[in-house]
Amino acid sequence: MRPTEELQVLARPESFDVFYAREFRSVVAIAYALSGSRWAAEDLAQEAFLTAHRQWDRVSGYDAPGAWVRRVVSNMSVSLYRKRASEARAIARVAFQRQEPLPGLELQDAEFWRQVRALPRRQAQALALHYLEDRPVAEVAEVLGCSVSTAKVHLHKGRKTLAARLSLATEETT
Amino acid sequence: MSSLDERARRSSGALREAVEEAELRLLDAGLPRGTAASRPALASRVLAFAGAFAVVLLGLGMAVVQLSMFADQSVTTVVEPSPAPPVTAEPPLPSSFAPSPATSAPPSDSTVPAGPVQTQADTEPPLLVITFPAEAQTVESEVVRFAGVTEPGATVTRGTYEADVDTEGNWSLVLVVGEGTSTVTFTATDEAGNGTTASVTLSYQPPVDQPPTTKPVGGDFTASATYGVCSETPPYDVYYGSAAPGAAITISSEFGGGSTVADAEGSWETKVTFADAPYGETFLVTVRDDGGNKKVFEFTSLAG
């Protein structure tokens, strides 16, 4: 049981500043996993939080504002990645194409996330949320705005494909 | 062969650590870009208030000089400031403000003339104008975005629903109206607690159903939105799903729509652009088939 003071704090609407400070890092990680660019990830996360800030009166009233901002950033990230990938031949020097890796991320880890991004968009989103944030299927479904059974299908197919491409074995835990 | 989950755990940890290191630089930047810019009217109000306060102080200061010069005269509680330019009591309303029949009475004058300075409680009710829909308008969707103008800083509510109000007092609220004629009443409450109401009457007529015998029977209706948010110009989304083969699919929203027909296997997909969607606002998109099924999605435009 939480102390009374903490319960009182939780009863008040959370300020945007507190929400931003707590969630920003995780949202950048999701954006990077799905976009592959550290610069794009930063911009996408900023954009998602700016969108939340503009509508904070409404978003702060949601049961899970964090899920809302994750849905926004994951959709934006996938959208940007797909668009840039299709334009790759035509546009030679787009910053996003350089796929700037995060410093400190080893090649094999970067390759893992590259393979995640190569999956169909919903599978990539589901896997990023599931692995990066240790979210159970129900929470993945909440963030993606789909049913639990649909999220399970995305996770199952994504894991199966990813394992095959990385020559790894799967353990059906979902 | 190592397991996928083991590899995923390692790569997830590596990514989290990498972001942790990069975060210091990111968090040093503070709030998202545009945060300060999104509140220009608030800043101008603060400056206006500070300016007004300075003028009042100047008047009081000059009055003290007058009182000390005429100390032998009787002291009055009414302080006469020197002639000064009028002080704007409230920021001007946006130029889009236009009184309509569904308007509360605006104040006769929003400026304070030079004269005795008096501290007066704000008892003036806030302005409240409904600019959409127009009185007696008929709408084609049950999802209606009501919009209007109120006093900056005021809140606008309809029952338990609160409208989004920007710093200039422009407000909007999406409501679902029933079939037929409805009168919707909004309440504006200013920062001093003064309230005013305005109403608008509108009609919603749902589209006429297609004769059911002309369409093949069977096929579950499903609909999905691809993105839900788009930063491209014009913003768009791709909707897809399944329905009875040959079924007509209609996508509608306040800012755009489209239609398509399910193919022989019952699959359908269509791209819909929302060219006039305002930046950063979330609105509802309704997908229907001609069998009466429907699904509603949210869409947010981030097209700059």
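Reader: Which pattern does chain A follow when read along the sequence?

Author: Welcome! One thing to keep in mind is that this is a predicted model. Read along the sequence, chain A shows the pattern α-α-α-α-α-α-α-α-α. In total, the chain has nine helices and zero strands.

Reader: How much of chain A counts as buried?

Author: Of its 174 residues, 51% count as buried. Among contacts in chain A with a separation of 6 or more, 63% are between residues 24 or more positions apart.

Reader: Now for the two chains together. How is the size of an interface often given?

Author: The general idea is to quote the accessible area that is lost when the parts come together. Here, chain A and chain B bury about 4,500 Å² between them, and carbon and sulfur atoms give 56% of this area. On chain A, the three residues A:Arg25, A:Arg121 and A:Leu168 supply 13% of what the chain buries against chain B, more than any other three residues. In terms of contacts, 50 residues of chain A meet 45 residues of chain B.

Reader: How many salt bridges are there between chain A and chain B?

Author: There are four salt bridges. One to look for joins the side chains of A:Arg58 and B:Glu298, at 4.0 Å from N to O.

Reader: Which element gives the largest share of the side of chain A that touches chain B?

Author: That is α3(A), with 11 residues. Elements of chain A that give two or more residues to this side include α2 (16–35), α5 (65–86) and α9 (148–166). By class, the side of chain A that touches chain B is made up of 26 nonpolar, 14 charged and 10 polar residues.

Reader: Let me try a single residue. Why does B:Thr270 count as buried?

Author: B:Thr270 counts as buried because its relative accessible area is 12%, and the cut-off is under 20%. You will find B:Thr270 in strand β17 of chain B, which covers residues 267–273. Leaving aside neighbours within four places in sequence, the contacts of B:Thr270 include B:Asp237, B:Tyr239, B:Ile251 and B:Thr260.

Definitions and conventions
Residues numbered from 1 in each chain as written. Chains lettered and ligands numbered in written order. Predicted model: local features only at pLDDT ≥ 70, side-chain atom pairs only at ≥ 80, totals over all residues. Heavy atoms only, no water. Contact = heavy atoms within 4.5 Å. Buried area = accessible area lost by both parts, 1.4 Å probe. Helix = DSSP H or I, 4+ residues; strand = E, 2+ residues; numbered from the N terminus. Nonpolar A, V, L, I, M, F, W, Y, C, P; charged D, E, K, R; others polar. Buried < 20%, exposed > 50% of the residue type's maximum accessible area, 1.4 Å probe, protein only.
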